[in-house]
Amino acid sequence: MDSLVQWFTVTLGPYVSKEALIFIISLLPILELRGGLLAASLLKVEYLTALPICVIGNILPIPFILLFIRRIFALLKKTRTFRPLVEKLERRAMGKSDRIKEYEFVGLLLFVGIPLPGTGAWTGALIASLLQIDLKKSSIAILLGVGLAAIIMSFVSYGVLANLLG
């Protein structure tokens, strides 16, 4: 993830503000809030400025994923070009869904909130949609998970990392 954050910083940094850059990073799958807060810390963006930007960037795509991804996947599966990609995404998401199936709300919250590779709001929303978990329940679990991830990553990015970089 560090190399992706650095790539975005180097590539987009000269063209957009630091705040716009961390917003863009937070919008993207894989990087999400974790990458946004890490980039914000490295770019020396004030914590109280960075946190809401990263949270909003991370949650902005979630309603669209929850509401439309199954329809989009169904349409894309009708094409030879995109069918393999969609099936791969579905397999990967469902491969991570065991705990979410078992514990539903708490499982989804922890899946989104604990910053491990392959977890996060994007994947959590995809799994919730594919499992057809109630929209209200999944939305709340994902929002709380983003809050948990924000707490953990704030400590890592602005606490531990800031002390290491000094």
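Glu90 has a relative accessibility of 17% in this predicted model, and because the cut-off for a buried residue is under 20%, Glu90 counts as buried. Lys77, for its part, is partly exposed, at a relative accessible area of 31%.

How many salt bridges does the structure hold? The count comes to three. As a general point, side chains of opposite charge can pair when their charged atoms come close. Besides the pair already described, Lys137 and Glu104 join their side chains in a salt bridge with an N to O distance of 2.8 Å. Here Lys137 sits in helix 9 and Glu104 in helix 7, so the contact ties together parts that are 33 residues apart in sequence. Both residues are partly exposed: the relative accessible area is 33% for Lys137 and 31% for Glu104. A further salt bridge links Glu102 with Arg99, whose closest N and O atoms are 3.0 Å apart. These two residues are three apart within helix 7, so about one helical turn separates Glu102 from Arg99. Arg99 counts as exposed, with 54% relative accessibility.

Turning to the surface, a nonpolar patch is formed by Phe64, Leu67, Phe68, Ile72 and Leu135, which together have about 450 Å² of accessible area. Helix 5, spanning residues 62-77, supplies the largest share of this patch, namely four residues. Leu135 lies in helix 9, which covers residues 135-165. With a relative accessible area of 41%, Leu135 is partly exposed.

Lys96 is found in the loop between helix 6 (83-95) and helix 7 (98-113). Its relative accessible area of 36% makes Lys96 partly exposed.

Finally, a look at the start of the chain. Ser3 is part of helix 1, which runs over residues 2-12. Is Ser3 buried or exposed? A relative accessibility of 53% places Ser3 among the exposed residues, because the exposed class begins over 50%. Between Ser3 and Leu38 there are 35 residues of sequence separation, while their C-alpha atoms are 11 Å apart in space.

Definitions and conventions: Residues numbered from 1 in each chain as written. Predicted model: local features only at pLDDT ≥ 70, side-chain atom pairs only at ≥ 80, totals over all residues. Heavy atoms only, no water. Buried < 20%, exposed > 50% of the residue type's maximum accessible area, 1.4 Å probe, protein only. Patch = residues over 30% accessible without salt bridge, like charges linked within 9 Å, V, L, I, M, F, W, Y side chains within 5 Å. Areas by Shrake-Rupley, 256 points an atom, 1.4 Å probe, with all protein chains shown as cover. Salt bridge = Lys/Arg side-chain N within 4 Å of Asp/Glu carboxyl O.
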